[in-house]
2 protein chains.
Amino acid sequence: MNEKKSRSAAAAIPFRVALAQVDPTVGDLAGNRELMCKYIEMAKALGADLVAFPEMCLTGYPPEDLLLRPHFVADSKAALRRLASCADGITVVAGCVYNRGGQVHNAAAVLHRKRIVGVYCKQLLPNYGVFDEKRYFAPGEENIVWHLGEAGIGVSICEDIWLNDGPHLAQVGAGAGVIVNISSSPYHAGKHPGRQKMLRARARATGAYVCYANLVGGQDELIFDGGSMIISPTGKMIAMGTQFEEDLVVADLDLSAVRGPRKSAPPGGGPVAARKLQPYKRQNDRPQVACRVAPGLARWEEVYCALVLGLRDYVVKNRFEKVTIGLSGGIDSALTAAVAVDALGSENVIGVTMPSRYTSNATLSDSGRTARNFGIRLITLPIENAFRAYLDDLADVFDGLAPDTTEENIQARIRGNLLMALSNKFGWLVITTGNKSETSTGYCTLYGDMAGGFSILKDVPKTWVYKLAEHRNRQAGADYIPQSIIDRAPSAELRPDQKDEDSLPPYDVLDQILDAYIEKDKSRAQIEKMGFDPGLVARVAGLVDRNEYKRRQAPPGLKITPKAFGRDRRMPIVNRYT
Amino acid sequence: MNEKKSRSAAAAIPFRVALAQVDPTVGDLAGNRELMCKYIEMAKALGADLVAFPEMCLTGYPPEDLLLRPHFVADSKAALRRLASCADGITVVAGCVYNRGGQVHNAAAVLHRKRIVGVYCKQLLPNYGVFDEKRYFAPGEENIVWHLGEAGIGVSICEDIWLNDGPHLAQVGAGAGVIVNISSSPYHAGKHPGRQKMLRARARATGAYVCYANLVGGQDELIFDGGSMIISPTGKMIAMGTQFEEDLVVADLDLSAVRGPRKSAPPGGGPVAARKLQPYKRQNDRPQVACRVAPGLARWEEVYCALVLGLRDYVVKNRFEKVTIGLSGGIDSALTAAVAVDALGSENVIGVTMPSRYTSNATLSDSGRTARNFGIRLITLPIENAFRAYLDDLADVFDGLAPDTTEENIQARIRGNLLMALSNKFGWLVITTGNKSETSTGYCTLYGDMAGGFSILKDVPKTWVYKLAEHRNRQAGADYIPQSIIDRAPSAELRPDQKDEDSLPPYDVLDQILDAYIEKDKSRAQIEKMGFDPGLVARVAGLVDRNEYKRRQAPPGLKITPKAFGRDRRMPIVNRYT
């Protein structure tokens, strides 16, 4: 009787969960461990019973071929053991790499009373899109429920929960009332609402709490947007972390609300091991926590925030301080400068304007205005001298031949060379300004405007560039990006009176064809059926196909759409399929 | 009695197998089908009972993300049906992609009497190194033996046979005396002998004939070296195709020599379907064929031939005719020119010498001598004017700062710009000349000497460059690559009296450390234990790590070692692991 009573009294104290939405750095085992210890202390200070960290938080995600180095896996395990010593007074779920029996796993280690008390290994390994997990990991087989006082806790990792009959089902069948899913789910525009919908459906189907700890931060081309969530057994959003920022998401779970799986839910097969953990003595005086559901971001705000975080992390994690941007007076470079200023501060952004004989006064003054509006230093380096030197030096070998794109590319490459000279001399990272519409069609110069260390807009279609520029101005309440830039017809200004639309269809048409051909993998015939001119479709698809070689040498850039160039889309260069 | 007699009489006529070692082009479904029909006719003319084509021959290999386009898979299936109409009077094993029940397979279709009479789907899908097959394919489950008169034929695909208990074991257990394995096995230096050893072991263990049809040709960074083989049940090499060339490998198999599996061999599990094919009427007058075992190539001959084939196919399959190479007067560019001349003919190679204020007379005259020796056109474009223009234009912003690598890189990038101008104006493909030692350590200029469409020596360590140059001269019986180039200490000549060894350790030391760190994935501590100075190991490993961003923008180049940069080695740029 007494024992029963004390149990129900314990159950009356809610189970406090914390999700540590942190931004680790790939390969920085010591730094990531310290970051995790810091968040463990924060969670303890809030009286949390359990704190969960994102998938592979300890190594950073994705560590790619570092995972093929046995000493990296061994060092990671040593770091995990050291991390365990921080896990006292709180139970920790830590994303890590873990090797066992000669196999390497994407794992969630449970740390309790300074020990590793169990390791769950990811069962469903994504090997599509940007993911290569079958290259690195063996799938886990053991399913576990940890019993911590009244709480039954099932742990799964990212992809595991995207299938409605994933390992969480068996865990719930074996008594888990709290499903902890740790993820490093890469961002693309509009993905966050889809995740919410999926996770709410899992909560409702299982009648359990779903606690979803997602990574935040940039890693090379990927952005992780956070937005960690705690969802009630009825599918109600209890708490949600801010997107694109580190956050500690805390909520009290009323375990009496756990309903168990609905009758309509599949039974959930497979054996599940039960591990009983000795609960810590509960703090009676723990602080109240108010659950906070971060407000959702509107479309362009979300994309803009993603670009800012992705750039900042690439710059900072690579230990750069300042960046330089060629300011042409066009909208791409103006938006790029805006993102850079918001990511790094105006004192760390240097604009360079490099006028040629074809640069109009309007664009020249607009590049100056952009720099002034954003408070950034502007260097002016005219390219006429160098251009003349090239033309003179090539005069003999080009004798009798008409000017063509060759001369246009020479100018773009002089600009690339000047920006790289500044980069080499001052240690500034060159940020390129090309957008996805250009990158797709090859409307850009290799080693020219494509020269640089990182590309912010690589996966942003031109039509989105306008939306983002307008968003940025709207948010500032002023035309930081001059309206004249937004209004002017786009031009590369590499020959007299050049306009983008001399070479490309209007961007609203182009972007629709590109979306169908690249992101949706539609055939030319299917795109024609959408109502586009067959000749135009063939021309655009041909441009995309023929420019694979250029994209292969493009700088890395941020993934923003469901299918970016890079790991997402692996096309051969030698390719005669049309 | 009569029937038995005629059967044994039929068995007395050997089973004639042909392996069509062909060089298809990725995505060229119609062209590849025509190529295969041509070889089917050649094999028929030789009276072959069966002809086998390499893995995914009909699509080219690897088609990468083309496989994610449903219309590509559908078009491939249509091409297979058309190919079947060529399969009359002979049985054909054709590598192809095949979709069935919503799943896409890496398949071997058996074509007979103008019909697709069965499809074997690859069971073991490699997903390591350069391979991503689990991204594209579902593993096959059905195992089949085709019975064609007296011959029991088991078909498997590449990786399937690398495991000694692969599907061939069950096939032999179910009566196969002829194992046909179709492969697209990428080349690396020294791989061919390993394949022979493995295949002979399979033949001995199963007591069956092993017929191994391997792809030949270049596809982007990969080279397929052919060397198709027919091996007797006792492990004797009966026939072998020439490496690096198309070939039709033919042999008569005495089916009475089939022994069945040795007792020590594992039994080979799983059900095997039997498919009986109606034999064609045997030709009584078929020509005699003499089995030919192509002689093995010596080490440097093999690597050299690989480079020639890889370059030729990249150029031709991308529909270029001519290439241009910056001839510095150093050994890398001289060897690159030699390979290009051997691949494309001297009339299709244009050398460009671009002397600067730091170019010595010796190197200048050596670049001229190299061009004369190989009979190629040489264009001279001094870079002094352009260099001076840059220095003048940057004088204000660089005021008071000492010259450093910035000024070196400006020169290299002027050369890149000039080569690209020739490329743009005349349609020549720029071939870069950097070797693996430079690429590894970043001893090269992004957009400078790294500018170009294709890199021949990207995966060739500097110490190998010398071996290959000496091989080329030895084979020619004359110093086509001037001895003075081989003897001179390597220098970038970008500042006065510069030598590579000012910045890098001697190449014989460097290449050993690079091999350990990159190819063998050893830790710094392990490399120190090999006897290298800890400071040096840290410096070299640090250079490799820090220059990942440069390699990400390098042109594609030929894979020559077991681990090349590219698909083989996927390292993050943001990476703090040391």
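Two residues are in contact if their C-beta atoms, placed from the backbone, lie within 7 Å. Among contacts in chain A between residues at least 6 apart in sequence, 74% join residues at least 24 apart.

The structure is a predicted model, in which local features need pLDDT of at least 70, side-chain atom pairs count only at pLDDT 80 or more, and totals for chains, interfaces and linings use all residues. Residues are numbered from 1 along each chain as its sequence is written, while chains are lettered from A and ligands numbered from 1 in the order in which they are written.

**Overall form of chain A**

Chain A contains 20 helices and 20 strands; these are DSSP runs numbered from the N terminus, with helices (H or I) of at least four residues and strands (E) of at least two. The radius of gyration of chain A, 27 Å, is close to the 25 Å that the globule rule gives for 578 residues, so chain A is as compact as a globular protein of that length. That radius is taken over C-alpha atoms, and the rule is 2.2 Å times the number of residues to the power 0.38. The C-alpha trace of chain A spans about 100 × 50 × 45 Å along its principal axes. Of its 578 residues, 56% count as buried. A residue is buried if 20 or more other C-beta atoms lie within 10 Å of its own, exposed if 12 or fewer, and partly exposed in between.

| Helix | Length | Span, first to last C-alpha | Expected span |
|---|---|---|---|
| α10(A) | 14 residues | 20 Å | 20 Å |
| α12(A) | 22 residues | 32 Å | 32 Å |

In α10(A), the buried residues are A:T363, A:D366, A:S367, A:T370, A:A371, A:N373 and A:F374. Seen down the helix axis, these buried residues fall within an arc of 165 degrees, so they line one face of α10(A). The arc is that of the directions from the helix axis to the C-beta atoms. The buried residues of α10(A) pack against α9, β17, β18 and α15 of chain A. Just after α10(A), A:G375 takes a positive phi of about 65 degrees.

In α12(A), 18 of the 22 residues are buried, so this helix is largely enclosed by the rest of the structure. A:G427 follows α12(A) and has a positive phi near 75 degrees.

**The contact between chains A and B**

The contact takes 64 residues from chain A and 64 residues from chain B. On the side of chain A that touches chain B, the largest share, 11 residues, comes from α12(A).

**Packing of α8 and α14**

Helices α8(A) and α14(A) pack at an angle of about 95 degrees, with their axes 9 Å apart. They are therefore roughly perpendicular to each other, a term that covers angles of 65 to 115 degrees. A:W300, A:E301, A:V303 and A:Y304 in α8(A) meet A:W464, A:K467, A:L468, A:H471 and A:R472 in α14(A).

**Backbone features in loops**

A cis peptide bond joins A:Y61 and A:P62, with omega of about -10 degrees; A:P62 lies in the loop between β2 and α3 of chain A. The peptide bond from B:Y61 to B:P62 is cis, with omega near -10 degrees.

A:D220, a residue other than glycine, has a positive phi near 55 degrees. A:D220 is buried, with 28 other C-beta atoms within 10 Å.

Conventions: The expected span of a helix is 1.5 Å times one less than its number of residues. Axes are lines fitted to C-alpha atoms, for helices over the stretch in contact, and angles run from 0 to 180 degrees between N-to-C directions. Angles under 35 degrees count as roughly parallel, over 145 as roughly antiparallel, 65 to 115 as roughly perpendicular and the rest as oblique.
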